[in-house]
Amino acid sequence: MILQSLSLVNFRNYEEASLEFSPEVNCLVGDNGAGKTTILDAIYYLSFCKSYFNAIDSQNIRYDQGFFLIQGAILKNEETDKLHCGVKTGQKKQFRRNDKEYGRLADHIGKYPSVILTPNDIDLIKEGSEVRRKFMDGIISQYNKPYLEKLMEYNRALSQRNNLLRYFSENRTFDEESLEIWDEKLIELGSFIYEARKAFVETFIPGFNGLHAEVAGGAEQVSLAYETQLDTKGMAELLKGARTKDRQLRRTTCGVHKDDLNFLISDHAIRRFGSQGQQKTYLISLRLAQFEFVEKATGVKPMLLLDDIFDKIDDKRVAALMRLVSDHRFGQIFITDTSGDRIPALFREIGADLKVFNVEQGSVQLQEEVADGQEK
Amino acid sequence: MASLPGVGKKTALRLVLHLLKREEEEVDRFSRAFTKLKSEIKACDTCHNLSDHPTCEICSNPGRNQQTVCVVEGIRELMAIEATDQYRGSYHVLGGVISPMDGVGPSDLTIEGLLDRVRKGEVNEVIFAMSTTMEGETTAFYLYKKLASFDVQVTAIARGVAVGDELQYADEITLARSIQQRLPYENTTKKG
């Protein structure tokens, strides 16, 4: 799958821009605030019908304007599809594929997948377990159709049960049968979610370990572990055992909503024992493993969006990473950097088909080949 | 007027202006009908359907099978089933579904009334016709457990691909369920 061209109107700091991409590596070079990441986000929009950074569509409209447009041409299965995303203040978002409007945006998501790496990924390490569950759920729901539905049902049943526990405590009553009907739902749905997550982590680990070894040159030993209360006891037993505690605390204290992913370096939590560079390497490997997973699930190579990934990792790893991503395994790549020639030089060395774009105050210029020659 | 559901400020104004134009007698009749609505229409003692008698027309109809009870959430669901003209049994209107989020527990519904009917031995089949939402299903499950100790057959309305639908457009969850709960073919061709 190749994004051939992209055009923007009134998107964030761009008044108008249009770009023709290389099927292999595309570098966006410019200073802070120039609009490099905005290009990546526009591509993300075409994949997911929304911004990665700002969920409120209307806030992505250029200052003082009434609408924005993102259009792209994507080559998939030897056919070029035209994607069109338009947002107008006060109107429903328009999303069209080959001039045909989608009934539901959900029908589009997943057709033209992309994987994005940004500095925000550090949240996966620093923040609470919810972020990591979301990471798992996001990948699983791309290949396991009923998963998302069951997850939503689980959360609903959970909220119903918690409301009931609160009601019991406020009114000093208890009715076992009323509680059991929700337990029953949580058992059925929770067990399904547990099995799906367990299977996911098991298949995810080898790919992740392999990629990490390539980026880090085998310098550190890392692993990934699924942490769940359901490993020792079944959901039914857990709920039964925690009933007294649940009633005291007025909420459900066990189940898959307490699951976590443990990120480990030499068997210790990377959050506490990993350096910034090691953490970054870990996150990059996670996203690349996600890429390979999505590719397997959807049968197409996602677009790889790499935002400012060179911060904090050493040159050896940067070089290893660039070699890895240009190795055709990762399809078409979009990459941002602040320094003018670091990435281009690396890719030129590797011999990848490369286009460099200079981004400046909301305008994009293709860097001339002549300029490339001078650098060498 | 604007306090009525589905009626906004403009519609309310239109209705009021219209009433002002009508004959006084007509408006009088209209308002009497409104007063009677509240004072005369009550819930049926047996099934909680709307009725102007203590027992509703369905419960007192000897032509209908009073041993089969179809459990529905509300009056509108009852009316929907009645409109099919295919059901000759009686009903039981729950008055909602169990949902702690909305503050609705089993005691807020007419579950005791249903159990009473079953306890008296008047019923030999209970049909669950709740919505296929999580709350509808959970309510059905609750009733099922409550009914387990009685000698009564418990059934549920069939669910699956809508009649006249093309399969390719059926949503995946419905289709998945239809496949899981498939029926012997001869059962699918039965009418009525």
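## Contacts between chain A and chain B

In this predicted model, 18 residues of chain A are in contact with 15 residues of chain B, contact meaning heavy atoms within 4.5 Å. The area buried between chain A and chain B is about 1600 Å², with carbon and sulfur atoms giving 64% of it; buried area is the accessible area (1.4 Å probe) that two parts lose on being put together, summed over both.

This is a predicted model, in which local features need pLDDT of at least 70 and side-chain atom pairs count only at pLDDT 80 or more, while totals for chains, interfaces and linings use all residues. Residues are numbered from 1 along each chain as its sequence is written, chains are lettered from A in the order in which they are written, and side-chain values use heavy atoms, with hydrogens and water left out.

## Salt bridges and the chain A side

The interface of chain A and chain B holds 4 salt bridges (a side-chain nitrogen of Lys or Arg within 4 Å of a carboxyl oxygen of Asp or Glu). B:K146 and A:E177 form a salt bridge through their side chains, at 2.7 Å from N to O.

On the side of chain A that touches chain B, the elements giving two or more residues are α4 (145-170) and α5 (176-216) of chain A. The most comes from α4(A), with 9 residues. Helices (H or I, at least four residues) and strands (E, at least two) are DSSP runs, numbered from the N terminus. By class, this side of chain A has 5 nonpolar, 4 polar and 9 charged residues; Ala, Val, Leu, Ile, Met, Phe, Trp, Tyr, Cys and Pro count as nonpolar, Asp, Glu, Lys and Arg as charged, and the others, Gly among them, as polar.

## Salt bridges in the whole structure

Over all chains, the search finds 30 salt bridges. A:D81 and A:R97 form a salt bridge, with their closest N and O atoms 4.0 Å apart. A:D81 lies in strand β5 (residues 79-88) of chain A and A:R97 in strand β6 (residues 94-97) of chain A, so this pair ties together parts 16 residues apart in sequence.
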